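Student: Could you go through this structure with me? I would like to ask about it piece by piece.

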Amino acid sequence: MAAMGGDMAAVSRTHLVRRGLADMKTFMKAAVGVLGVGVAGLTYGVIEARRFTVRHVEVPVLKPGSSPLRVLHLSDFHMLAHQKAKREFIRGLADLEPDLVIDTGDNFCSADSLQPLLDDMAGLLERPGAFVFGSNDYLMPAFTNPFSYLLLGRSHASEGPVPELPHEELRQAFISAGWLDLNDKSGTLEVTGHRLVFRGTDDAHHDRDHYEEVAGPADDDADLNIGVTHAPYLKILDAMVSDGMDIVFAGHTHGGQVCLPVKGAIITNCDLDTDRVKGLSRHSSGGRTGWLHVSAGVGSSPFAPYRTFCQPEVTLLTLVPRS
């Protein structure tokens, strides 16, 4: 009986070992599968981040009888000098021959990319334009944990010191080209017979915005009242639309950057809803309704150089008379 008991124990131990090995094989297969999916997803995301495109949108926003106005909306280049494909795409945008260029910020990521950026934008800088800055016009990007970013729903300023970018050189280059600086400022441009009145804010994502500097009723004599901001926080959209802006331009969201099939964006990096993370939509506040265009942008942080189901883009909007 003792021998039989020992044999039974040996069989039991053998069974447990075999089951353990089987479980380990199953675990390893699952781990390899997950790793494979992760590598495939990352590879796809890097490829998607280089699929630059131009979207075309028509907006019925002008006064009846007005001639169309072609507006090129640029945002979030996050330029680095070595990014040849992106630079080639930007250089080619002048061939679109827009009537007006609106740049909603986050243009470059390093000091040595300033001159390449200006070289690549040379053709666009010959056109009428207006601009605001984002955080990555002022400060070099810093690493943030992508999981905390997805969990918290927005990025946060670095707690430590961050080197500044040569933002004043960028500002002066844009102003010298005749572009309007709309960082907490307002201004007017005459473009192809249209009198365009602008107001804008500095970057709300890092609390640089002071809408009170430009607040007040819209200009009734303008052919179009235009709001411009980098990050589409609701407080700014509400204020601009309440004051009578016909259309507001913003960037910052990267279109969600990491999107899912069918569902789309997971987060917007601000308090805007994910349904309006990119593209054209309507915004209502204070009894008024205006158009909102959010650009998904061209680039991304150098620490997260990928996109999924969200192509990098600029948008050529054709503004036409409303019915």
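Student: Which residues does F174 touch, leaving out those up to four places away in sequence?
Tutor: F174 touches D103, N107, L118, M121, L125, F131 and W179. Contact here means heavy atoms within 4.5 Å. Please note that this is a predicted model, in which local features need pLDDT of at least 70, side-chain atom pairs count only at pLDDT 80 or more, and totals for chains, interfaces and linings use all residues. Residues are numbered from 1 along each chain as its sequence is written, and side-chain values use heavy atoms, with hydrogens and water left out.

Student: Which residues touch the most other members of the largest nonpolar core?
Tutor: They are L74, M121, L170 and F174, in a core of 26 residues. A nonpolar core is a set of buried Ala, Val, Leu, Ile, Met, Phe, Trp, Tyr and Cys residues joined through side-chain atoms within 4.5 Å. Buried means under 20% relative accessible area, exposed over 50%, and partly exposed in between, with a 1.4 Å probe and protein chains only.

Student: Which elements each supply at least two residues of this core?
Tutor: β2 (69-74), α2 (84-92), α3 (114-120), α4 (122-125), α7 (167-176) and β14 (313-321) do. The largest share, 3 residues, comes from α3. Apart from this core lies another, of 24 residues, among them V59, I102, V132 and W291. Helices (H or I, at least four residues) and strands (E, at least two) are DSSP runs, numbered from the N terminus.

Student: Back to N107: is it buried or exposed?
Tutor: N107 counts as buried because its relative accessibility is 1%. N107 is placed in the loop between β3 (100-103) and α3. Its contacts, not counting residues up to four places away in sequence, are F77, H78, M79, L117, N136, D137, L170 and F174.

Student: New topic: in what order do the 6 strands of the open sheet come?
Tutor: The order is β6-β7-β8-β9-β13-β12, with mixed pairing. Two strands pair if DSSP finds at least two bridges between them. β6 (186-191) and β12 (279-285) stand at the edges with a single partner strand each, so one side of each has no neighbour in the sheet. On average, neighbouring strands of this sheet are turned by 25 degrees against each other, direction ignored.

Student: What lies across the sheet strands β7, β8, β9, β12 and β13?
Tutor: Helix α8 (residues 234-242) does, running at about 70 degrees to β12. Axes are lines fitted to C-alpha atoms, for helices over the stretch in contact, and angles run from 0 to 180 degrees between N-to-C directions.

Student: How many bridges join β6 to β7?
Tutor: There are 6, and the two strands run antiparallel. L189 stands opposite L196, and S186 stands opposite R199. The hairpin of β6 and β7 has 2 residues between the strands, and T192 takes a positive phi near 45 degrees there.

Student: Where does H194 lie?
Tutor: H194 lies in strand β7. H194 is buried, with a relative accessible area of 4%. Not counting residues up to four places away in sequence, H194 touches L62, S66, S67, P68, L69, L189 and D223.
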